[in-house]
Amino acid sequence: MADRALRVLVVGCGNMGAAHAMAYEALPEFTLCGLVSRGASKERLKAQLGENIPLFDDMPEAIRQAQPDAVCIATWPDSHEVLALRALAAGCHVFLEKPLATTVAGAKRVVATAQLAGKQLVVGYILRHHPAWRQFIALAQSLGKPLVMRMNLNQQSAGHAWQTHKMLMQSLSPIVDCGVHYLDVMCQMTQASPLAVSAIGARLTDEIAADQFNYGQLQVRFADGSVGWYEAGWGPMMSQTAFFIKDVIGPLGSASIVAREAGGEGQSASVEAHTRTESLRLHHSQLDASGAFAQPDEWISAADEPDHFALCRLEQQFFARAIFEDSDLSLHQQQAIESLAVVLAADRAVREQRTVQIKEVL
């Protein structure tokens, strides 16, 4: 462990930027040395933190004045690549909210730059730090091969949440922005390379540009024969029915996240609900001599699971350890590129109405 706390600058003070800033304030590994945003969100966040934290409108000027060791980037996705490259060029370690970039080439540039600079780059895949999600992945790996993975995250959004979604769609479609989390989970479950993606999408509102779509569904094939389905939609028209499906099936049975509250009425737009599990259900496929199931289903409680704020703390503790211990993050970074490649291939599949081979975008 280092002999002093890491000075960290937070760029982007919306939902995730605010959550990470509060995590930094709660952790002895960090000292929050500045907040950066173009609008008033930094003032609101400073008032919430109750600290005398310097505020900046511009990241380069903030780096020059605040002299951070690390920069946390939680801005709109289309700015991730440029900001990450600037922070790395200034000699800072980088925590970058997903996705790495809006193109695979951009993601590769960010990773290559971090490695060349000898700086740590952590991508904000929050589910990797959730103990119940990690257990869900481990259960999936016990079910044999191939796997069938079924996941979705549809969000019925209104008011500020819908405005945020419309802003996000200026950078990325829902199956890209949300999909990187769940494709990352699928890649961990299979531990196999994704090969090809098919997808469909629909534009369900005139409030977005003609070339945007606020609903998408993808189907991905892996090298081990496993297949995955993922669905994501945003907007006031989205259904509250079956918006929270997290299910994996293999020859030996199935494993599911059963979140009765987080998957219930009125929860689809809740950031807090998106990471909750509540319980895991493990089903065994073996039959006895009479043809009945040989084992009852097992229920695993996640009643003590961390909330969203606690997960952000776990992410930032991982970031600190990576810096202090000079961890090898090459696999973490490569998997971030691969999960992004799958969802970008799905986005292309929607627009070109064809199956896209992953090698076309890598």
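Biologist: Which helices each supply at least two residues of the lining of the second largest pocket?

Modeller: Helix 9 (179-190) and helix 12 (330-352) do. Keep in mind that this is a predicted model.

Biologist: Noted. Which helix gives the most to that lining?

Modeller: Helix 12, with 4 residues.

Biologist: What is the volume of the second largest pocket?

Modeller: About 190 Å³.

Biologist: And which residues line the pocket?

Modeller: The lining consists of R128, C187, Q188, Q191, A192, S193, L331, Q334, Q335 and E338. Sorted by class, 5 are polar, 3 are nonpolar and 2 are charged.

Biologist: Q191 is on that list. Where does Q191 lie?

Modeller: In the loop between helix 9 and strand 9 (194-202). Q191 has a positive phi, near 50°, and is not a glycine.

Biologist: Why point that out?

Modeller: Because most residues other than glycine have a negative phi.

Biologist: Is Q191 buried or exposed?

Modeller: Exposed, with a relative accessible area of 66%.

Biologist: Now peptide bonds. Which residues does the cis bond with omega about -5° join?

Modeller: K98 and P99. P99 belongs to the loop between strand 5 (93-97) and helix 5 (104-117). There is also a cis bond from K145 to P146, where omega is near 0°.

Biologist: Where is P146?

Modeller: In the loop between helix 6 (131-140) and strand 7 (148-152). Most peptide bonds are trans.

Biologist: Let's zoom out. How many helices and strands does the chain have?

Modeller: 12 helices and 16 strands.

Biologist: What does the C-alpha trace span along its principal axes?

Modeller: About 75 × 50 × 40 Å.

Biologist: How does the radius of gyration fit a compact globule?

Modeller: It agrees: a compact globule of 362 residues would be near 21 Å, and the chain has 21 Å.

Biologist: What share of the chain is buried?

Modeller: 56% of the 362 residues.

Biologist: And the contacts? What share comes from residues 24 or more positions apart?

Modeller: 69%, counting contacts with a separation of 6 or more.

Biologist: On to the open sheet. What is the order of its 6 strands?

Modeller: The order is 3-2-1-4-5-6, and the pairing is parallel.

Biologist: Which strands stand at the edges?

Modeller: Strand 3 (55-56) and strand 6 (121-124). Each has a single partner strand, so one side of each has no neighbour in the sheet.

Biologist: How many bridges join strand 2 to strand 3?

Modeller: 2 bridges, with strand 2 (residues 30-36) and strand 3 running parallel. Across that pair, V36 stands opposite F56 in strand 3.

Biologist: What about strand 4? Are its faces covered or open?

Modeller: Both faces are covered. On one side of strand 4 (residues 70-73), A70 and C72 are buried. On the other, V71 and I73 are buried.

Biologist: How many bridges pair strand 4 with strand 1?

Modeller: 4, in the parallel sense, and strand 1 covers residues 6-11.

Biologist: Which residue in strand 5 is the bridge partner of C72?

Modeller: F95.

Biologist: Is L340 buried or exposed?

Modeller: Buried, at a relative accessible area of 1%, because the cut-off for buried is under 20%.

Biologist: What is L340 in contact with, leaving aside its neighbours within four places in sequence?

Modeller: P99, A101, T103, A107, V176 and V180. P99 is the proline of the cis bond with K98.

Biologist: And what separates the C-alpha atoms of L340 and V104?

Modeller: 6.9 Å, although the two residues are 236 apart along the chain.

Methods: Residues numbered from 1 in each chain as written. Predicted model: local features only at pLDDT ≥ 70, side-chain atom pairs only at ≥ 80, totals over all residues. Heavy atoms only, no water. 1 Å grid on protein atoms, 1.4 Å probe; cavity = no way out; pocket = protein on both sides within 12 Å on 5 of 7 lines; lining within 4 Å. Points joined across faces, edges and corners; volume = space filled by probe spheres on them. Nonpolar A, V, L, I, M, F, W, Y, C, P; charged D, E, K, R; others polar. Pairing = 2+ DSSP bridges. Rg over C-alpha atoms; globule rule 2.2 N^0.38 Å. Buried < 20%, exposed > 50% of the residue type's maximum accessible area, 1.4 Å probe, protein only. Contact = heavy atoms within 4.5 Å.
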